Every structure is written in C-alpha cells, then in structure tokens.
Amino acid sequence: MLREVLRIGSRRSYSYKSVRRPNVSAVPRVSSQELDQKKPTSEPQPKGNDRISLSKQLRARILATGPITVAEYMREVLTNPQGGYYMNRDVFGREGDFITSPEISQIFGELVGVWLLSEWRKMGSPTPFQLVELGPGRGTLARDVLKVLTKFKLGAEFTMHMVEISPYLSLAQAERFCFKHEKLPEDSQLPHYQFGTTATGIKAFWHRQLEDVPPGFSLVLAHEFFDALPVHKLQLVNGLWQEVLIDVADVQGSQSQTPEFRYVMSKSQTPVSRLFKPIPQDTRACLEYSLEAERHVDILAKRLEQHGGLALVMDYGHFGDKTDTFRGFKQHKLHEPLLEPGTADLTADVDFRHIKHVAETRGHVHCYGPVQQGDFLERMQGSVRLEQLLAHALPENQDIIRSGYEMLTDAKQMGARFKFLAMFPAVLAAHLEKYPVAGFG
C-alpha cells in the first residue's frame, strides 16, 4: 500500500512542489540535552499591560486563597484570555519561541497524511469521515495532510474539525488552508465558533473543546498538544502522595530577573494527590500527572469505540521514567517558568505510558507504540520522499531540504526525543494483526 502511494506520488503530474521551510541550517544545532527541554525560536511581542496584569492576577489570587497547583498556574499562564501565552500572538516559527516538525519540513506532514490514508483504506475506506486536529498551531500540519488527501482523489466526503482555544491562532489556521472563512457571533449557540471552506470545497469548523466535535468516524491528529496540557507535580512523602504548589516569593526591591513566585510542598494531601493512583509497577517517588491529558484520552478513546476511527499522537515524552520535566522556553532558550508569566511557553514531557494505560483500560482501545519519530518517518519511506524532493529542487534549496529531514530523524536532534502513538478501536485488534499498522514496526 505505502509503496503504491509513493509510486503514484512520484509521477510528475502528482508530485508535490517542494515547500520552502525555515533554513534550519541557520538555526543553531539542537543537542540531545537541549531537546530534553524543548525546541524554541525568537521573542514574541506580548502586550506589556497583559503581562503585568497576569502576574498581578496570580499574585492577588494566591495572597487571597493560598498557594495554587502547578496545573492551575500553567493553565492561567498559557490560556488566560487577556495575558495567556497562546491567546494573542504567533508563538511558532522564526518569530515565535519554538519551531515544530511540520514547520521544518513538508515531508513530516506528507507522511502523516500518507499514514492516515493507508490506515483508513485498511479499515474499508468509510465515508463520510472527519479529519480532526487537536491544537493545530499555525495549521501547517493540517494543510500538508489536506494536500495529500486531495491529491490522491479519495472520492470520499469528509470535513475538517480544528480544536483550538486561541482566537489568534484559529484565524492564522483559517488563513493558511481556507479559501474563505467566517467567525460566528459570540452569542451563537452552535458547537463551532468559526467555519471556512478550502479551495477544493472541503468544509472546516473550529471548536473550543473536543467534546464539541460532532460524533462520527474520525481521523484524529494531536501534534504537540498533550505537552501543553497542565500537570500536577506530586511527591511521595512518608508513604503518602503530596503536591508541589506555587506560592508568592519574597522579592526584595525591583529584581526583574528574580521570580515573583516559588515552589512549596503542600502541608497535607490535596484532592488530586489523595485521589491519584500510580500505574502498577511505577516506582517513582515524584512525578508529573496530567488530569487534562487523562480527560482528553478518555474522551478520545470513547469516541473511537463508539463511532470508529483512529488517532495519532505525536509529541516529545517518555514512557513513565522521568520525574521533573516542567520548564519554560523563550527565544530558543530555557526560561525560568515562574518568571514573567505569560511571556514564555510552559511545557512538560508527555507520559506515554500513562496515556496508553488510560486509553486501553477505560476506552476499549488498542494502542501501538510509542515509537521514535525518526523510526516512524523512515518506515514511512521518508528517505524516498526526500530523494524525490531533492531531484526537483533548485540547487540552492537542496541543503535546506536535506538538513530539515535530518533534524526530524537524527537521534541526536528530534528523531529519538519525539514519539508517535497510534490508537484504534479494540475490535480491530485481530484485523490489525493481519494487516500491521504502518510505521510501527
């Protein structure tokens, strides 16, 4: 199937033109140690009043009600309607704070599109279906996947559904892959707040949460979505789980580079630490636990079981062995997460063991992976696609194309750090044994 798709794609009439991506060779090489932290790019332009008000809001809240959880802090810093990091600016690419795989090379999005096409056909090519993406960023991945689905003339009816809370980014996404688009009035009672139409007539809808996406057979993508979901930091103390909280710090004078907040240990168990149950065989004494990730996986697993479909989670993370990964990023560099809230990205590595455990124990879903990004792309014939692009690229663009793919697959850069996890309805387990899932070995 894959060889056939790539063979067809290599014909001149079906060959995608190479899309110019950022010159990654001009960006400093990312070491494996730095990638253990994240992947950034230049200073955003936050509104000064928003930054000040967010810090003041957090401080006033803590002084009034006491220390807050890391999850509450993270949620406010990233998604506060006025000063939240993601809400009013473009945080991606050269002018943002980090660069993502779809922005580095078109090969990434194209191979994800080929994977969706391959697995959809193995499932009998059900139609109509929904292409759903959680946290679509600039819309680059959705655009590249859409390009694959439309180029291969599926003959199937489908709609696109973007789950996005940022007004700024939802507009950027619509402008990237829609021919026309429109935002609905604030008092609209519809489950979507924005809609559009692509140049090929595909309808696209924007939703604020996964629950608002209509039921139906869905191909779901989540690229660097789970790493931005709030986490609780838990620590085992005298046999009981307690929680790391955030309190105001005693800052003397106007020390601009001194955080206004500090970490403290809860004096007793919190509701989350009291209810938390580690996965069997988990021996960690401190860890990061995301209730939001658990909720999203639970919803997703139930959707796949009830309505059919598949999901592909792509993110940087671990398999239940790391303890403290919460950090901030700004201008390609690590940034103290408690300093100047709202001006830097906050993130934590995805615990793929936890995601897989929740999906398989609650939602009658069968998971494959996680596998390393470099392995997935190579198994999907990424090198073949690279050679196709190089053969038709201008000489001055060949190094850019080659270095971009190397960054995605090299184990010392993004190839090992980033992981892929696939979810299918459990009823397909026997079928997928007979027809193995592409890219997962």
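**View 1. The buried residues of helix H7 are Thr 140, Leu 141, Ala 142, Asp 144, Val 145, Leu 146, Lys 147, Val 148 and Leu 149.** The model shown in this and the following views is predicted. Helix H7 spans residues 140-151 and is mostly covered, with nine of its twelve residues buried. From first C-alpha to last, H7 reaches 16 Å, close to the 16 Å expected at 1.5 Å a residue. Just after H7, Lys 153 has a positive phi of about 45 degrees.

**View 2. Phe 129 and Phe 158 form a stacked aromatic pair.** A search of the whole structure finds 16 aromatic pairs. Phe 129 counts as buried because its relative accessibility is 2%, under the 20% cut-off. Phe 158, with a relative accessible area of 6%, is therefore buried as well.

**View 3. Seven residues named here form one aromatic cluster: Phe 108, Trp 115, Tyr 368, Phe 376, Phe 420, Phe 424 and Phe 440.** The cluster includes one Trp, Trp 115, and one Tyr, Tyr 368.

**View 4. Arg 208 lies over the face of Tyr 193.** The distance from Arg 208 to the ring centre of Tyr 193 is 4.2 Å.

Notes
Residues are numbered from 1 along each chain as its sequence is written. This is a predicted model: local features need pLDDT of at least 70, side-chain atom pairs count only at pLDDT 80 or more; totals for chains, interfaces and linings use all residues. Side-chain values use heavy atoms; hydrogens and water are left out. Rings of Phe, Tyr and Trp (its six-membered ring) pair if their centres lie within 6.5 Å; planes under 30 degrees apart count as stacked, over 60 as edge-to-face and the rest as tilted. Buried means under 20% relative accessible area, exposed over 50%, partly exposed in between (1.4 Å probe, protein chains only). A charge sits over a ring if NZ of Lys or CZ of Arg is within 6 Å of the ring centre and within 35 degrees of the ring normal. Helices (H or I, at least four residues) and strands (E, at least two) are DSSP runs, numbered from the N terminus. The expected span of a helix is 1.5 Å times one less than its number of residues.
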